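Here is a short briefing on one protein model. Please have the sequence and the coordinates open while you read.

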Amino acid sequence: MTTRSQTQESHRALGRGMKAALRPMAVAALLVAAGAAGAAKTVSGPIPYRVISNCAICHGMHGASTDYNLIPRLAGQHKAYLILQLQQFRDGHRADQNGNIYMAPVAQGLTAGQIDQVASYFAAQRPRFQASGVHHAGVKAGQAIFMNGVTSEQIPACMECHAANAEGVATFPDLAGQRYRYIVQQLKYFHNGTRKNVLMNQIAKTITVPQMKEVAAYLSSL
Ligand code: HEC
Ligand code: HEC
């Protein structure tokens, strides 16, 4: 298990290596960064060129800022989870509609080293992703599903894997403060099987759309 501070520490080390590796591209990167996002300042060293050129337009330079709700927040998400998702988009394993359209072409253009680099970068961003302050109906009912599951429908408590604070660990994703519409959409994809994961496909099998919305209302409020 990697703690957040360990992740930050290893990222700082990686950042030092990256500085040398990226030197020839530094001028180009700075020009793009200046044009795209104003001050290119982060908590963890230089912004990888790939983030500036390939990710920022949709996910924001720090993995937090975009107005398009179906695009997930990435800031502070677990590195192991980010790597796994990029590999799955690349290999066509996460082939749900939005994944296929938006992420497969991006992920196919990344080397294994670049996947590691962009995952390290987004995992190290602080503050981690936060609730937007928009309220959706059903927070209380959603909290009950998250904490206790739905026994009559054999839906287990989500906290068993995603942790009581919903921040997950390693390849169990952080859900606390993730976008409402994105969460609902992913639960639909797990339910219809286009996003494949043995655990989540089973868990989302019997969940209803109102229950998806309730649990998303709770998670996006954290
Ligand atoms: C054209 C817009 C677009 C670009 C460019 C883009 N993404 Fe995405 N990204 C998305 C969308 C939309 C999704 C949600 C896909 C789905 O619903 O399965 C996503 C999902 C992801 C996920 C899964 C997150 C999760 O919580 O499961 C990761 C990781 C990710 N993107 C990383 C990146 C990285 C790294 C880059 C740059 C190399 C990038 N993306 C570029 C739109 C984009
Ligand atoms: C047995 C463990 C387990 C339980 C219980 C569980 N999950 Fe998951 N969940 C996972 C794993 C593992 C993933 C990552 C799947 C992947 O790699 O594609 C995941 C992914 C997700 C995602 C996608 C997040 C993203 O960023 O794309 C959502 C949303 C989610 N779970 C919601 C829930 C909800 C709601 C419940 C309770 C009804 C729940 N999970 C219960 C293991 C679990």
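This is a predicted model: local features need pLDDT of at least 70, side-chain atom pairs count only at pLDDT 80 or more; totals for chains, interfaces and linings use all residues.

The chain has 11 helices and 0 strands. Two iron atoms, one in ligand 1 and one in ligand 2, take donors from the protein.

**Overall make-up**

- Read from the N terminus, the order of elements is α-α-α-α-α-α-α-α-α-α-α.
- The chain counts 222 residues, and 42% of them are buried.
- Among contacts with a separation of 6 or more, 71% join residues 24 or more positions apart.

**Iron site of ligand 1**

- The protein donors are NE2 of H59 and SD of M103. They lie 2.0 to 2.2 Å from the iron atom.
- The iron atom of ligand 1 has 6 donor atoms around it. Their angles run from 85 to 179°, so the arrangement is octahedral.
- H59 belongs to helix α3 (residues 49-59) and M103 to helix α5 (residues 97-108).
- H59 is buried, at 9% relative accessibility.
- M103 is buried too, at 16%. The cut-off for buried is under 20%.

**Iron site of ligand 2**

- Here the protein donors are NE2 of H162 and SD of M200. Their distances from the iron atom are 2.1 to 2.3 Å.
- The 6 donor atoms subtend angles of 86 to 179° at the iron atom of ligand 2, which makes this arrangement octahedral.
- H162 sits in helix α8 (residues 159-162), and M200 sits in helix α10 (residues 198-203). The two residues are 38 apart in sequence, so they tie together separate parts.
- H162 has a relative accessible area of 10% and is buried.
- M200 counts as buried at 16% relative accessibility.

**Helix α6 and its partners**

- Two packed helices are described by the angle between their axes and the distance between the axes.
- Helix α4 (residues 79-90) and helix α6 (residues 112-124) have axes that come within 9 Å. These axes cross at roughly 140°, so α4 and α6 are oblique to each other.
- The crossing of α4 and α6 is right-handed. On the α4 side, the contact is made by K79, L82, I83, L86 and R90. On the α6 side, it is made by I115, D116, V118, A119, S120, F122 and A123.
- Helix α3 also packs on α6, at an angle of about 85° and with the axes 10 Å apart. That angle makes α3 roughly perpendicular to α6.
- From α3, R50, V51 and C55 take part. They meet Q114, V118, Y121 and F122 of α6.

**V51 in helix α3**

- V51 lies in α3. Its relative accessibility is 0%, so V51 counts as buried.
- Beyond its neighbours within four places in sequence, V51 contacts A56, M61, V118, Y121 and F122.
- V51 and G63 are 12 residues apart in sequence. Their C-alpha atoms are 9.3 Å apart in space.

**Helices α7 and α11**

- Helix α7 (residues 139-148) and helix α11 (residues 209-220) have axes that come within 7 Å and cross at roughly 95°. The two helices are therefore roughly perpendicular.
- V139, A141, G142, Q143, I145, F146 and M147 make the contact from α7. Q211, E214, V215, A217, Y218 and L219 make it from α11.

**Backbone points to check**

- Most residues other than glycine have a negative phi, and most peptide bonds are trans.
- The peptide bond from R126 to P127 is cis, with omega near 0°. P127 lies in the loop between α6 and α7.
- Q154 is not a glycine, yet its phi is positive, near 55°. Q154 lies in the loop between α7 and α8 and is exposed at 73% relative accessibility.
- A163 is another residue other than glycine with a positive phi, about 75°. A163 lies in the loop between α8 and α9 (180-192). A163 is partly exposed, with a relative accessible area of 26%.

Methods. Residues are numbered from 1 along each chain as its sequence is written. Chains are lettered from A and ligands numbered from 1 in the order in which they are written. Side-chain values use heavy atoms; hydrogens and water are left out. Donors are N, O and S atoms within 2.8 Å of the metal (3.2 Å for Na, K and Ca); water is not among the atoms, so sites may look incomplete. Four donors count as tetrahedral if all angles lie between 85 and 135 degrees; four count as square planar and six as octahedral if opposite donors are over 155 degrees apart and all others between 65 and 115; anything else is irregular. Helices (H or I, at least four residues) and strands (E, at least two) are DSSP runs, numbered from the N terminus. Buried means under 20% relative accessible area, exposed over 50%, partly exposed in between (1.4 Å probe, protein chains only). Axes are lines fitted to C-alpha atoms, for helices over the stretch in contact, and angles run from 0 to 180 degrees between N-to-C directions. Angles under 35 degrees count as roughly parallel, over 145 as roughly antiparallel, 65 to 115 as roughly perpendicular and the rest as oblique. A crossing is left-handed if the near helix is turned anticlockwise from the far one by less than a right angle, and right-handed if clockwise. Contact means heavy atoms within 4.5 Å.
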